[in-house]
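Dear colleague,

I am handing over the structure that follows, and after it you will find my notes on what turned up when I went through it. Please read them with the structure open beside you.

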Amino acid sequence: MGGDRDTGDRYFEPRVETMPREELCARQEERVLELVEYAYGNSPFYRELWDEHGTHPRDIRSLEDFRERVPFVTKDMVRAYRARTGDPFGGLLCVPVEELTSVSSSSGTTGDPEFFAEIWQDAPPLVTAQVRDLWELGLRPGDRVLSPPGTFRNLMDPGYQALGAVVIEVDTWLGKMHEVVEALRTYRPAYLQMMYPQMVELEHLAEKTDLKEAFSSLKGASCAGQPLSRKMRERIREDWGIDVYEYTSAADTGTAWECREHDGFHLWEDTVFAECVEVDEHGWRDVPESDLGELVATDLDNRAAPLIRYRSEDLVRLSRDRCGCGRTHARMWVAGRRGDETLVQGRSVVLRDVWQAVEDQPETVAGVFQIVRDRREVDELRLRVGYDPALTADVDALAGRLGEAVHERTGVKPVLDMRPEEDLLKTMTSVAKFPRVVKS
């Protein structure tokens with residue numbers, strides 16, 4: 001894999017990243033039409049589903065036909081097919097198993113991990129696209145990167161190496177951040193990849209060590225798993241001296257990263273066809289540009305087991321306006337998961353409002369909290385909130401202030417379960433993400 005490295009500072013592949021919208025849409029249509037025929041001929045899941053809906057490739061001659069005739073797919077539909085047939089790939093696999101290069105997995109935060117079959121030569125397709133994002137962050141050939149030995153959606157090392165970076169393997173997982181800080185001081189890398197719980201762990205280390213000095217070699221760091229609050233991001237920039245680039249899932253078809261503008265997550269539309277829709281019992285409709293809707297994604301670069309019109313359950317705002325960085329690919333802003341809204345005696349409570357109330361308290365500024373519920377409609381708002389023991393002299397007084405702040409934001413008086421942050425983080429069912437809505 002190669003990059004157009006001599007044509008500018010901002011773009012790894014300038015022609016693709018700044019492609020005119022008309023050309024980008026034409027490329028998407030070409031790939032979608034090829035994909036429909038390919039998937040119908042090779043995937044038992046799609047052939048069965050499309051036959052049930054009266055959908056056949058001969059009827060799909062444009063993107064409009066594709067969107068009108070091809071049904072949505074959900075994670076539960078794939079799981080049901082897997083349970084019924086015993087096929088570990090849920091009927092999505094379009095090639096013989098022996099042709100696969102690797103099988104990686106999701107984090108499993110909201111259920112059983114999903115498995116992703118991949119075929120690649122120099123680097124996995126997800127990693128290949130991420131090289132554009134790493135280039136934008138500032139990573140260059142010869143730079144050192146601190147790489148976690150365990151990752152999801154495949155190992156990043158081939159991507160770093162394809163870019164020309166030098167990989168330093170260090171155990172960066174939970175409970176190891178003090179060792180990571182020492183490794184930063186020893187090897188002086190240009191880049192560090194983290195997950196949200198690790199950022200919280202570093203917050204505690206900041207009370208004992210000079211993180212600005214430890215991070216001084218970094219051009220940037222990335223973070224995923226949960227969105228960083230505005231206050232946490234500002235504190236990291238001011239106190240640690242680093243710029244953090246968040247990234248998130250592109251509906252399991254890949255990832256979407258912030259650029260230097262920090263104004264939305266870029267979807268690489270030569271690899272994914274993205275839609276933003278509202279779905280109800282009567283059908284579906286397109287959501288106006290920049291309004292909130294559900295992200296639906298179609299794989300354009302995965303011939304092993306493509307996801308086609310896959311409902312992500314992520315609520316996003318989508319814009320196809322050119323970004324301040326000059327890229328023409330769509331950006332999205334993630335508001336949360338469709339299933340995270342809680343109705344307390346008929347009143348809607350969303351994570352954003354709880355989050356703002358929690359981070360406004362100095363002792364809980366990291367925003368470590370969970371809504372505890374066994375169903376969407378409940379009689380009381382039960383919150384489990386993590387606090388920083390080093391900053392908390394009186395837990396009861398904190399609970400009183402926090403309860404009033406949540407009430408002011410949501411109109412609901414919460415029932416609080418206060419716990420030290422580290423104890424609450426240990427309850428995670430996934431090592432990558434901190435679930436915000438839990439049953440117990």
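**What was found**

In this predicted model, the centres of domain 1 and domain 2, taken over C-alpha atoms, are separated by 34 Å. The domain assignment gives domain 1 as residues 14–123 + 251–256 + 263–334, and domain 2 as residues 342–438.

A pair of helices deserves a look next. On the α8 side the contact is made by Met177, His178 and Val181, which meet Gln198, Glu201, Leu202 and Leu205 in α9. Sorted by class, this contact of α8 with α9 has four nonpolar residues, two polar ones and one charged one.

How many of the residues of α9 are buried? Ten of the ten are, so α9 is largely enclosed by the rest of the structure. The buried residues include Glu201 and Glu203, as well as Tyr196, Pro197 and His204.

Ala251 has a positive phi of about 55°, although Ala251 is not a glycine, and its place is in the loop between β7 (244–249) and β8 (255–258). Gln345, likewise not a glycine, has a positive phi of about 50° and lies in the loop between β15 (342–344) and β16 (347–349). Is each of these residues buried or exposed? Ala251 has a relative accessible area of 3%, and because buried means under 20%, Ala251 counts as buried; Gln345, with a relative accessible area of 65%, is exposed.

The strands on either side of Gln345 also belong to a sheet, which is open, has three strands in the order β16-β15-β18, and shows mixed pairing. β16 and β18 (377–378) stand at the edges with a single partner strand each, so one side of each is left without a neighbour in the sheet. Between β15 and β18 the pairing is in the parallel sense, over two bridges, and Val344 stands opposite Val378 in β18.

With best regards

Technical notes
Residues numbered from 1 in each chain as written. Predicted model: local features only at pLDDT ≥ 70, side-chain atom pairs only at ≥ 80, totals over all residues. Heavy atoms only, no water. Domains from an automatic or database assignment. Contact = heavy atoms within 4.5 Å. Helix = DSSP H or I, 4+ residues; strand = E, 2+ residues; numbered from the N terminus. Nonpolar A, V, L, I, M, F, W, Y, C, P; charged D, E, K, R; others polar. Buried < 20%, exposed > 50% of the residue type's maximum accessible area, 1.4 Å probe, protein only. Pairing = 2+ DSSP bridges.
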